[in-house]
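Hello,

Here is the structure to be handed over. My notes on it follow below.

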Amino acid sequence: MKEKVILNRMKAGDEEAFAWLYNHYWQKVYHFARLYLTSSTEISEAVQDVFLHVWEARETFDNSKNFDGYLFIITRNIIFNYSRRYFNELNFKMTVLQSMEEGYSIEEELDARDLKRYIDKL
């Protein structure tokens with residue numbers, strides 16, 4: 001019952017109620033994020049992002065829903081976003097390394113573009 005009152009207060013913009021929720025739940029979010037993220041910095045940022053999202057979306061939170069489940073869904077989505085960002089960075093790095101291995105030359109590419117433009121003008 002106490003949690004419902006706190007959720008109602010947080011939904012109305014009460015910062016003390018939000019602080020209570022943060023203090024009560026941050027370890028659960030931290031431990032869940034730790035299962036999927038390896039960097040302690042990323043884990044801490046994920047926890048921060050989760051509670052930032054909770055605060056920003058407080059007015060739309062449905063008080064009849066389970067807050068634990070709500071936090072789980074937000075945390076899962078943030079972890080997916082972190083993973084997506086990591087794989088995009090990894091893909092970029094692999095592309096750069098592959099280009100370096102193949103002897104990629106920006107000068108050759110520019111020369112080829114200039115030649116194509118010249119041919120297109122003819």
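**Salt bridges**

Arg9 is partly exposed, with 34% relative accessible area; here buried means under 20% relative accessible area, exposed over 50%, and partly exposed in between (1.4 Å probe, protein chains only). The side chain of Arg9 meets that of Asp14 in a salt bridge, 2.8 Å from N to O, a salt bridge being a side-chain nitrogen of Lys or Arg within 4 Å of a carboxyl oxygen of Asp or Glu. Asp14 is also partly exposed, at 23% relative accessibility.

A search of the whole structure finds two salt bridges. Besides Asp14 with Arg9, there is Lys28 with Asp68, at 3.3 Å from N to O. This pair links distant parts of the chain, with Lys28 in helix α2 and Asp68 in helix α4 (residues 67–101), 40 residues apart. Lys28 is partly exposed at 48% relative accessible area, and Asp68 is partly exposed at 31%. Side chains of opposite charge can pair when their charged atoms come close.

**Model and confidence**

This is a predicted model, in which local features need pLDDT of at least 70 and side-chain atom pairs count only at pLDDT 80 or more, while totals for chains, interfaces and linings use all residues. Residues are numbered from 1 along each chain as its sequence is written, and side-chain values use heavy atoms, with hydrogens and water left out.

The mean pLDDT of the protein is 84, and 72% of its residues reach 70 or more; pLDDT is the predictor's confidence in each residue, from 0 to 100. Where pLDDT is low, the predicted coordinates should not be read in detail.

**Fold**

The protein has five helices and zero strands, where helices (H or I, at least four residues) and strands (E, at least two) are DSSP runs, numbered from the N terminus. From the N terminus on, the order of elements is α-α-α-α-α. Of the 122 residues, 25% count as buried. Among contacts between residues at least 6 apart in sequence, 60% join residues at least 24 apart, with contact meaning heavy atoms within 4.5 Å.

Helix α1 (residues 2–11) has Ile6, Leu7 and Met10 as its buried residues. Seen down the axis of α1, these fall within an arc of 100 degrees, so they line one face of the helix; the arc is that of the directions from the helix axis to the C-beta atoms. After α1 comes Gly13, whose phi is positive, near 100 degrees.

The largest nonpolar core has 27 residues. A nonpolar core is a set of buried Ala, Val, Leu, Ile, Met, Phe, Trp, Tyr and Cys residues joined through side-chain atoms within 4.5 Å. The residues with the most contacts inside this core are Met10, Phe51, Val54, Phe67 and Leu71. Two or more residues each come from α1, α2, α3 (40–56) and α4.

Phe67 touches Glu3, Leu7, Leu21, Tyr25, Val54 and Phe61, not counting residues up to four places away in sequence.

**Individual positions**

Thr75 lies in helix α4 and is buried, with a relative accessible area of 2%.

Ile43, in helix α3, is buried at 3% relative accessible area. Residues up to four places away in sequence aside, Ile43 touches Tyr30, Ala33, Arg34 and Leu37. Ile43 and Val29 are 14 residues apart in sequence, and their C-alpha atoms are 9.1 Å apart in space.

Gln27 has its place in helix α2 and is partly exposed, with a relative accessible area of 46%. From Gln27 to Val47 the separation is 20 residues in sequence and 8.8 Å in space, C-alpha to C-alpha.

Asn63 is found in the loop between α3 and α4. At 14% relative accessibility, Asn63 counts as buried. Not counting residues up to four places away in sequence, Asn63 touches Lys4, Leu7, Asn8 and Lys11.

Regards
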